[in-house]
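Subject: The structure I promised you

Hi,

Here is the structure we talked about. Have a look around it before you read on, and then we can compare notes.

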Amino acid sequence: MDEFMQHAIKLAANNVKEGGQPFGAVLVQDGEIIAEGVNQLHNRYDVSGHAEMVAIRQAQKLLQTNDLSSVTMYASGEPCPMCYSAMAYAGIQKTYYAQSSDEAVDAGLGKSKQVADDLQKAPAERTHPMKQMTLTEDTYNPMQMYKKRHQ
């Protein structure tokens with residue numbers, strides 16, 4: 001196993017020792033770790049405080065850009081749908097992970113898989129149903145405003 005994945009796993013193990021969940025992540029650019037994170041749900045009361053999200057926030061702040069297409073993600077666990085989405089929005093092209101979502105379920109951490117399965121359903125049929133409220137003529141249309149501004 002390479003040194004970057006070993007580092008992510010060590011972060012995860014240390015997080016467990018400190019009362020957190022077994023997730024660590026590092027972002028690497030040009031052979032150097034530029035950011036790292038662990039799940040912070042247990043001490044920050046922030047459901048978006050996943051290891052990958054923490055590392056992405058650090059890297060974007062450090063590099064002063066949203067574009068992380070030049071970095072590689074190493075995660076101790078398979079990224080959840082939220083983290084996968086953040087990596088896609090950030091342009092991260094390469095991701096390596098050590099333990100699968102099935103292994104997380106086996107350890108008692110099944111929310112990620114549940115969300116992934118739920119996202120396969122139509123919005124109205126999900127665990128947290130969503131219903132679209134369409135805009136009326138007397139309402140601002142932010143999408144059209146954006147489109148006009150960026151043409």
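Which helices and strands are included in what covers the buried residues of H4? The cover includes helix H3 (51-63), strand E3 (72-77), strand E4 (94-99) and helix H6 (111-118). Keep in mind that this is a predicted model, where local features need pLDDT of at least 70, side-chain atom pairs count only at pLDDT 80 or more, and totals for chains, interfaces and linings use all residues. Residues are numbered from 1 along each chain as its sequence is written, and side-chain values use heavy atoms, with hydrogens and water left out.

Back to H4, then. The helix spans residues 81-90, and its buried residues are Pro 81, Cys 83, Ala 86, Met 87 and Ala 90. "Buried" means under 20% relative accessible area, "exposed" means over 50%, and "partly exposed" is in between (1.4 Å probe, protein chains only).

Now the overall picture. The protein has 7 helices and 4 strands; these are DSSP runs numbered from the N terminus, with helices (H or I) of at least four residues and strands (E) of at least two. Starting at the N terminus, their order is α-β-β-α-α-β-α-β-α-α-α. Along the principal axes, the C-alpha atoms fill a box of roughly 55 × 35 × 25 Å. Of the 151 residues, 34% are buried. If you take the contacts (heavy atoms within 4.5 Å) with a separation of 6 or more, 45% of them come from residues 24 or more positions apart.

Searching the whole structure turns up 2 aromatic pairs. Rings of Phe, Tyr and Trp (its six-membered ring) pair if their centres lie within 6.5 Å; planes under 30 degrees apart are stacked, over 60 edge-to-face, and the rest tilted. Phe 4 and Tyr 74 have ring centres 5.4 Å apart and planes at 45 degrees, so this pair is tilted. It links distant parts of the chain, as Phe 4 sits in helix H1 and Tyr 74 in strand E3, 70 residues apart. Both Phe 4 and Tyr 74 are buried. Tyr 74 also pairs with Tyr 96, and that pair is stacked, at 5.3 Å centre to centre with 25 degrees between the planes. Here the link runs from strand E3 to strand E4, across 22 residues.

Together, Phe 4, Tyr 74 and Tyr 96 make one aromatic cluster.

Strand E1 (residues 24-29) and strand E2 (residues 32-38) pair in the antiparallel sense over 6 bridges; strands pair if DSSP finds at least two bridges between them. Gln 29 has Glu 32 of E2 as its bridge partner. The hairpin has 2 residues between its strands, and Asp 30 takes a positive phi near 55 degrees there.

Last one: Lys 10 lies in helix H1 (residues 3-17). Lys 10 counts as exposed because its relative accessibility is 53%. From Lys 10 to Gln 93 is 83 residues in sequence and 23 Å in space, C-alpha to C-alpha.
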